[in-house]
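The questions below take up each topic in turn.

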Amino acid sequence: MSKILVTGGTGYIGSHTVVELMEEGFEVVIIDNLSNSELEVLDGITAITGKEPHFEKVDLRDRELVIKVFEKHPDIQSIIHFAAFKAVGESVDKPLAYYENNLLSLIHLLEAMKQFKIAHLVFSSSCTVYGEPDSLPVDESAPIKKANSPYGNTKQICEEILQDTLESSPELGVISLRYFNPIGAHPSSKIGELPIGVPNNLVPFVTQTAAGIRERLNVFGDNYNTPDGSAVRDYINVVDLARAHIVAIRRLLANKQKTAFEVFNLGTGKGYSVLEIIHAFEKATGQKINFKVVDRREGDVEQVYADTAYANRELGWKAEKGIEETLLSAWNWEKNTRSKKNRS
Ligand code: UD1
């Protein structure tokens with residue numbers, strides 16, 4: 001069975017993808033520097049799958065160490081590259097750290113791919129590349145808008161680096177997956193999202209408010225041009241999202257790509273407002289959320305949700321889990337998670 005390198009494999013989406021890969025029989029090598037994840041995630045992965053992934057604690061900015069991983073595992077066939085900084089607000093404060101980490105990591109991987117003759121890469125991209133879309137739902141041909149944060153810009157630049165690299169390396173195949181808003185946790189509650197410090201994202205903030213770790217959820221704006229005035233997103237279950245990576249890897253391994261660089265939206269096709277998420281969470285879990293409407297958050301778009309037709313058709317993949325089931329999984333994870341130590 002193929003050996004797959006998963007960078008950022010102890011992170012939120014990475015760990016769920018590692019589980020799906022291992023359950024499909026792939027052998028997995030994880031590279032992670034644990035800058036935004038914990039080693040215990042490996043225990044969760046092992047508890048679910050009954051197997052241990054290989055783990056290399058390596059920072060992808062360190063070219064020499066990256067090369068050593070490939071020397072140690074010369075049979076790596078494909079790469080899924082999750083490892084990146086991803087906090088929009090932080091990227092505004094520390095743009096150089098974001099450019100250095102997100103761009104250099106990809107460059108080092110591409111160099112190693114050339115050296116070790118690895119032909120397949122799946123890249124974690126984001127719907128943030130569409131900015132505030134002109135029309136909804138947004139499909140893959142929508143124009144790339146000027147990024148509203150250095151984080152978003154790193155995703156755009158990485159996609160450009162990939163396309164430029166493919167021009168001179170016809171042996172390579174790349175699939176860029178543009179995620180909408182991944183939420184929820186594995187149904188076993190053994191892995192899930194583990195934000196360090198105060199969460200930036202909506203659903204971890206909701207679950208921590210329900211758990212009493214946060215006193216109140218701030219709803220950022222109720223004067224958008226949406227049905228209830230709060231902003232609308234396409235929330236996709238993280239296990240559905242993880243499964244799309246298996247499909248993408250199989251597509252690359254089977255040389256089924258239509259073009260060397262392919263892009264797919266990974267969403268559900270349905271938008272939910274912030275207030276709808278709160279109500280769906282309350283319905284699914286029986287927990288009341290203490291919330292208050294405050295000003296809009298700078299840099300937020302009004303609404304974005306995916307046109308999923310192309311991914312559904314070409315990949316034969318579809319998001320299957322409903323919003324309440326997904327929010328309940330996030331709540332179960334919140335209740336079960338062992339590590340509250342970073343939650344201040
Ligand atoms: C954004 C990016 C996404 C990126 C992610 C990384 C867009 C459209 N999406 O997601 O590509 O991967 O950041 O973090 O740019 N909200 C509240 N209260 C809170 C937290 C959030 O009301 O305490 C609202 C936000 O205003 C937003 C929605 O909830 O309307 C979702 O926010 P969040 O979970 O942070 O994700 P995005 O900002 O959509």
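In what follows, Ala, Val, Leu, Ile, Met, Phe, Trp, Tyr, Cys and Pro count as nonpolar, Asp, Glu, Lys and Arg as charged, and the others, Gly among them, as polar. The model is predicted.

Q: How many residues in the lining of the largest cavity are nonpolar?
A: The largest cavity is lined by 13 residues, with Glu193, Pro204, Thr207, Ala330 and Trp333 nearest its centre. Three of the lining residues are polar and three are charged, and the nonpolar ones number seven.

Q: Which element gives the most to the lining of the largest cavity?
A: The largest cavity holds about 100 Å³ of space. Two or more lining residues come from each of α7 (202–210) and α11 (323–336). With four residues, the element that gives the most is α7.

Q: Which strand gives the most to the shell around the ligand?
A: Around the ligand there are 21 residues, of which Ser126, Leu202, Asn218, Arg233 and Asp300 come nearest. By class, this shell has eleven nonpolar, six polar and four charged residues. The strand that gives the most, with four residues (217–220), is β8.

Q: What percentage of the ligand's accessible area does the protein cover?
A: A polar side-chain atom of Ser126 lies 2.4 Å from an oxygen atom of the ligand. Of the 740 Å² of accessible area that the ligand has on its own, the protein covers 91%.

Definitions and conventions:
Residues numbered from 1 in each chain as written. Predicted model: local features only at pLDDT ≥ 70, side-chain atom pairs only at ≥ 80, totals over all residues. Heavy atoms only, no water. 1 Å grid on protein atoms, 1.4 Å probe; cavity = no way out; pocket = protein on both sides within 12 Å on 5 of 7 lines; lining within 4 Å. Points joined across faces, edges and corners; volume = space filled by probe spheres on them. Near = heavy atom within 4 Å. Polar contact = N/O pair within 3.5 Å; in protein donor to acceptor, adjacent residues only side chain to side chain. Areas by Shrake-Rupley, 256 points an atom, 1.4 Å probe, with all protein chains shown as cover.
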